[in-house]
Amino acid sequence: MNRAQPKASHFINGAYVEDKAGRPIEVIYPATGEVIATVYAATSEIIEMALASAVAAQAEWAKVSGMERGRILRRAADILRYRNHDLSVLETLDTGKPLQETLVADATSGADALEYFGGIAAGVTGEHISLSGGDFVYTVREPLGVCVGIGAWNYPTQIACWKGAPALACGNAMVFKPSETTPLSSLKVAEILHEAGLPAGVYNVVQGMGEVGDALVTDPRVAKVSLTGSATTGKKVYAAAAAGMKHVTMELGGKSPLIVFDDADLEDAVGGAILGNFYSSGQVCSNGTRVFVQKGIKDAFLARLKERVEAAVIGDPLDEATNFGPMVSQGQLDIVQRYIDLGVAEGARLITGGARLNIDGYFVQPTVFADVLDDMTIAREEIFGPVMSVLDFETEDEVIARANDTVYGLAGGVFTADLTRGHRVVGALEAGSCWINTYNQAPVEEPFGGVKASGVGRENSKAAIEHYSQVKSIYVAMAPVDAPF
Ligand code: NAD
């Protein structure tokens with residue numbers, strides 16, 4: 001048991017709350033299959049308690065100056081960084097991701113969001129617009145009210161912070177429901193925010209499956225819903241939110257293209273493809289899972305890729321030397337195995353991997369297919385696992401058309417030594433986040449989000465402020481009212 005383990009299932013109104021009347025949810029360490037904790041899904045009483053405290057707290061929180069709100073968020077960022085090691089161990093137990101990753105990509109990324117939005121909070125202001133005759137308009141940037149955050153299981157701490165930090169900076173309250181697969185880390189985020197001085201009720205965490213999420217989304221007291229999850233869930237949640245005319249941010253799935261031209265630096269391109277397919281065992285929404293490689297560099301690319309992928313250190317995620325861990329669950333492992341079997345059956349050429357590991361836990365090898373064709377299932381559907389598809393191409397126009405031939409539009413990348421081509425290609429990609437000569441970098445300063453079926457809205461950066469606040473405009477007349485009768 002990790003010493004940072006949360007004390008109960010829910011965090012409401014500034015304190016841990018337990019209610020064992022809810023459906024039990026076992027938390028499984030994916031590297032061993034061992035049950036490490038049990039939480040209980042929120043009952044309707046727990047949901048009511050969370051929403052009522054958020055409503056009450058938000059009214060007061062909105063009156064706190066941006067400066068003071070920001071100070072609390074920045075204090076929480078410091079605590080997250082100070083406790084990074086314990087929080088990273090907890091994240092590893094919750095998700096199975098290697099400690100080598102969680103130490104640098106989870107609590108630290110959450111802390112970046114809290115620090116960034118803590119810094120920006122005092123600068124969330126309106127504007128003054130002069131009109132003829134001395135009249136003027138001023139605008140006020142107001143909070144939305146109570147926001148609901150719903151998380152996926154791949155980055156539990158990061159998602160809790162990426163949603164919470166901008167929401168709180170703008171004066172909203174949040175009720176956050178983590179994924180039922182990884183319920184632990186967001187409770188620690190709530191605990192730390194309150195330790196940093198956040199008033200009770202401003203950030204609450206409740207557990208549960210989809211039905212708890214739905215109860216939150218459809219509650220009339222909720223002004224906004226921010227979901228990170230699959231496109232299928234996104235459509236349901238977006239529709240439910242629309243029925244209540246609520247604001248939404250939808251961070252959904254993808255099948256992003258990563259394009260490697262003949263003139264690319266080979267090591268960088270291979271490194272980018274590895275980062276964009278195998279980090280977090282491939283459980284990253286923005287992964288470049290369709291790797292288009294120009295014919296002239298194909299053989300060298302595949303040879304070097306195979307060599308480097310086979311050097312992955314797979315095993316105990318708590319060992320800092322491990323750089324490739326298990327899938328998050330047995331269910332996800334089964335999905336990945338099914339896609340690998342489909343890849344073979346549909347005629348793709350297996351370059352490396354493809355097998356489960358004969359040890360405890362939900363391990364499957366990092367897998368690369370070559371000679372993948374556009375209409376193969378592994379090239380069309382999001383797998384959300386360590387399965388890379390390498391596709392051949394010849395010309396720039398051809399690859400752009402094929403890269404865009406997908407319902408998704410989350411991300412895209414290009415490796416080339418030709419500066420103008422790099423900009424031209426990302427300019428033509430239908431994607432929310434693009435990279436030139438790197439892949440999957442997502443610093444908090446950069447807007448992040450998708451187009452097409454990959455979602456609406458943007459997280460992080462100044463763009464997130466637009467999605468967690470609304471503008472009120474006030475017209476002030478300086479002359480007598482000139483009415484027609
Ligand atoms: P999922 O869609 O199954 O679940 C996401 C969350 O939605 C969970 O907390 C779940 O309990 C909740 N949920 C399910 N049904 C609901 C409903 N009807 N109403 C309200 N909430 C409901 O996704 P997952 O399997 O947890 O995560 C993997 C998916 O998330 C992948 O598609 C991946 O691409 C995507 N993802 C996207 C991003 C991004 O930023 N774009 C980041 C990480 C993951």
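Okay, let's start at Ala 121, which sits in the loop between α5 (107-120) and β5. Helices here are DSSP runs of H or I with at least four residues, strands are runs of E with at least two, and both are numbered from the N terminus. Ala 121 is buried, at a relative accessible area of 2%. For that label, buried means under 20% relative accessible area, exposed means over 50%, and partly exposed is in between, with a 1.4 Å probe and protein chains only.

Quick housekeeping before I go on. This is a predicted model, so local features need pLDDT of at least 70 and side-chain atom pairs count only at pLDDT 80 or more, while totals for chains, interfaces and linings use all residues. Residues are numbered from 1 along each chain as its sequence is written, and side-chain values use heavy atoms, with hydrogens and water left out.

How many residues surround the ligand? There are 27, and the closest are Gly 151, Glu 180, Ser 230, Thr 233 and Glu 382. By type, the shell splits into twelve nonpolar, ten polar and five charged residues.

Which elements each supply at least two residues of the shell? Those are α8 (210-217), β10 (222-228) and α9 (231-243). The largest share comes from α8, with three residues.

Now the polar contacts, meaning pairs of N or O atoms within 3.5 Å; within protein, one atom must be able to donate a hydrogen and the other to accept it, and residues adjacent in sequence count only if both atoms are side-chain atoms. The side chain of Ser 230 has an N or O atom 2.8 Å from an oxygen atom of the ligand. Trp 153 puts a polar side-chain atom 3.0 Å from a ligand oxygen. On the nitrogen side, a ligand nitrogen is 3.3 Å from an N or O atom in the side chain of Glu 251.

On to salt bridges: a side-chain nitrogen of Lys or Arg within 4 Å of a carboxyl oxygen of Asp or Glu. Searching the whole structure turns up 29 of them. I'll show you a few.

Glu 466 and Arg 141 pair up at 3.5 Å, N to O. Glu 466 is in helix α16 (residues 463-467) and Arg 141 is in strand β6 (residues 136-143), so this pair ties together parts that are 325 residues apart in sequence. Arg 141 is partly exposed, at 21% relative accessibility.

Next, Arg 349 with Asp 371, where the closest N and O atoms are 2.8 Å apart. Here Arg 349 is in strand β14 (residues 349-352) and Asp 371 is in the loop between β15 (367-370) and α13 (377-380), so the parts being tied together are 22 residues apart in sequence. Arg 349 is partly exposed at 38%, and Asp 371 is partly exposed at 28%.

Then there's Glu 60 with Lys 63, at 3.2 Å, N to O. Glu 60 is partly exposed at 48%, whereas Lys 63 counts as exposed at 63%. And there's a network too: Glu 267, Arg 304, Glu 307 and Arg 308 are linked by salt bridges.

Met 245 isn't a glycine, yet has a positive phi of about 50°. Met 245 is in the loop between α9 and β11 (247-251). Phe 384 also has a positive phi, near 60°, without being a glycine, and is found in the loop between α13 and β16 (387-393). Buried or exposed, these two? Met 245 is exposed, at 73% relative accessibility, while Phe 384 is buried, at 16%.

That's what I have.

Methods
A residue is near a molecule or strand if one of its heavy atoms lies within 4 Å of it. Ala, Val, Leu, Ile, Met, Phe, Trp, Tyr, Cys and Pro count as nonpolar, Asp, Glu, Lys and Arg as charged, and the others, Gly among them, as polar.
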